[in-house]
Amino acid sequence: MRQNNTKLEMEGKMQRVSQSTIKELMEHPIIGAMIKGYGGKFPNLSEIFSVELSAADLAILEEPIPALGRYAKNTIPLKGITSQLAVSLLRFRVMMEYAIKLSEFLQEEWPEMNPFKKIGWISEDEQSELLCLGRENWEVAAAEIIEKFTDHDTAAAGDFLKLMIATAKPEFRDEVEVVHFACTSEDVMGNVFGLIGNQLVYDLFVPRLCDLCETLLVYSAEIKDGPLVLPAFTHNQAAEPTTLGKKVTTRVSAILSSAKFLYDGETEGFRSFPGKFSGATGNLITHYAAYPDLDWADFADKFVSALGLSYDPLTDQSSTYVVEANLLTCVANTLLPIIKFVQDFILLASCPAQFFVKKKKPGQKGSSIMPNKSNAWAMEGAVEMLYKARHDLLLTAERLPLYPHEGNMGRSFLFRDLGTPFMNILVAFARITREIKAYVPNKSKINAVLAEYPGMSGSAIQTVLKREGIRGDAYRIIQEISINPD
C-alpha cells in the first residue's frame, strides 16, 4: 500500500511543478537550451506540467488501432459511415423506407387485399414522422438489447421499429408487420452496404483523391523560377532531362485513367454500388406467394433505385458482388500511381541525389539522434498504408463474389470492415499532402548533376544531326565524343 501511495505522490509532483522549479529549469544551460530549440511558439513549461487528460484524450491514447487513435483527426468522417452506430441508423432508415413504399404500393395496386391500408394512405407529414423513428442513438442501444435474445441484429432492428411505430402511432398497431414484410435480412443489409460503399468511394475517396491531385499539380506549378528541370532516370541511370511538372502530370494522368471505371459514361455520372431486393434466394418467392399478381420486380427496381443504388434483377440471397468487386479493385489500382509517385519523390529527396530538401522549421527534429537528417517519414509511412489498403481492398474484392451457393454471412464481415482500408487511405493522403508541401528544390544539387552528365542531351543532339542529314552514324559519333561514356 505504501508503494502505491508513493507512486501516486510522485505522479502528482510530476504533474504539478512549482514556478521556482520551472525557473531553475529554464536557467539551466542544457535544459534551457533544449526548450529554446523548440522555437518561440513553444508553450510555457507550466502548461506542459499542468496538462489535464480528459476521458476523450485517454480513449485516443488507449485506442489499439492507430487510425482511430494516433491518426484519428484524419479518420473522423468514417464515424458517420462505418461505425456500428452509423450502420445501425442506416438500417433503420432502409427498413422504414421499405415499410412506407410497400404500404403505398399495395394500396395502389391491390387495395382490397392490403393489410396496411392506414399506412398506405398517410400524409407526407405522417410519413416524415415515421421516418423520424430510428434516428436516435438510444434507439440503436435499445435494439441491441433485443438482439441479445434474437441473436440476429436485423431481426432485432425490425422488432424494435415495430415497437416504435406502435408507440408513436397507436392507430398503426395492427399494421406493424409492414416492417420487413416478406423480406430476408439481405434485402435490408444489401442496400445498407451499397449505400456505405457509395459514401466511402464517392463522398470520401474521390474528393480527397482530387484534392491530392490538385496539391501535386499546384506544388509543381508554384516552384520558384520554374519550370523545374530535373534529370530523368531510366534503369536508375541519368537518361534525359525532364521537368517536375511532367513527372507530376504523368502520375495524375495515370490516377485519372485508373479511376475511369468509377465513371459511368452511359449515365454521365458515377457508377453506383448495387442495391438488392429479391428475397432469400433471389426469386422474390415470399412476395409473389402473398400477392402473385403484382409486379414485384418493378417494385424492387423502383425501391432500390430510389435509395440511390443501381438495381440488379438477377441476384442470389445477396448481390452477386461482381460490380462491387470491380469498384473496389478500381480504387485499389488507383492507389498504384500514387504509391509510385511518392516512392520516386522519396528517392529524389534521398542520398545521393537530394534534389529536394525539407524547409527548416523551428523546433523540428528530423531524427532523434542525427541532427543532419530530415527524413521523409510521413511519406514512408504513407506508402505502407496505401500498400496495406490496396491489399485489403483486393482481398475483399476477391472474397465477396465467392460465397457458397446462394449466400452466407461472410459478406457481412467484409462490408462491415470496409472502413479499414479507407482509414489507411485517408491517413496516407493527409500525410502525403502535408509532407510534399514541406519540401523545396535543392537547385544547387540539381544543377550539379545536370552539369556532371551533359550526355543526357546526347539523344536530342544525335536526332538533330540526323535531321540535318549528317553523313555517318550519328549515334556512334555522339557515343565517341561523350564526356560520360558510362
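Is L284 buried or exposed? L284 is buried, with a relative accessible area of 6%. Buried means under 20% relative accessible area, exposed means over 50%, and partly exposed is in between (1.4 Å probe, protein chains only).

This is a predicted model, in which local features need pLDDT of at least 70, side-chain atom pairs count only at pLDDT 80 or more, and totals for chains, interfaces and linings use all residues. Residues are numbered from 1 along each chain as its sequence is written, and side-chain values use heavy atoms, with hydrogens and water left out.

**Backbone details**

L284 has a positive phi of about 55 degrees, although L284 is not a glycine. Its place is the loop between β5 (274-275) and α14 (285-290). Helices (H or I, at least four residues) and strands (E, at least two) are DSSP runs, numbered from the N terminus.

H180 is not a glycine either, yet its phi is positive, at about 65 degrees. H180 sits in the loop between α11 (153-168) and α12 (186-221). H180 is partly exposed, with a relative accessible area of 23%.

Where is the cis peptide bond that involves P352? It joins C351 and P352, with omega about 5 degrees. P352 belongs to the loop between α16 and β7 (356-358).

**Helix packing**

Two packed helices are described by the angle between their axes and the distance between the axes. Axes are lines fitted to C-alpha atoms, for helices over the stretch in contact, and angles run from 0 to 180 degrees between N-to-C directions.

Take helix α13 (residues 244-258) and helix α16 (residues 322-348): their axes come within 8 Å and cross at roughly 165 degrees. That makes α13 roughly antiparallel to α16. Angles over 145 degrees count as roughly antiparallel, under 35 as roughly parallel, 65 to 115 as roughly perpendicular and the rest as oblique. The crossing of α13 and α16 is right-handed.

Helix α17 (residues 377-399) also packs with α16: the two axes come within 9 Å and cross at roughly 160 degrees. α16 and α17 are therefore roughly antiparallel to each other. Here the crossing is left-handed. A crossing is left-handed if the near helix is turned anticlockwise from the far one by less than a right angle, and right-handed if clockwise.

**Salt bridges**

How many salt bridges does a search of the whole structure find? The search finds 16. A salt bridge is a side-chain nitrogen of Lys or Arg within 4 Å of a carboxyl oxygen of Asp or Glu. The table lists some of them.

| Pair | N to O distance |
|---|---|
| K23 and E27 | 3.5 Å |
| D159 and K162 | 3.8 Å |
| E435 and K358 | 2.9 Å |

E435 lies in helix α19 (residues 419-436) and K358 in strand β7, so the pair ties together parts that are 77 residues apart in sequence. Both E435 and K358 are buried.

K23 and E27 both lie in helix α2 (residues 19-27), 4 residues apart, about one turn of the helix. K23 is exposed, with a relative accessible area of 52%. E27 is exposed too, at 56%.

D159 and K162 share helix α11 and are 3 residues apart, about one turn. D159 is partly exposed, at 35%, whereas K162 is buried, at 18%.

R91, D153 and R416 are linked in a network of salt bridges.
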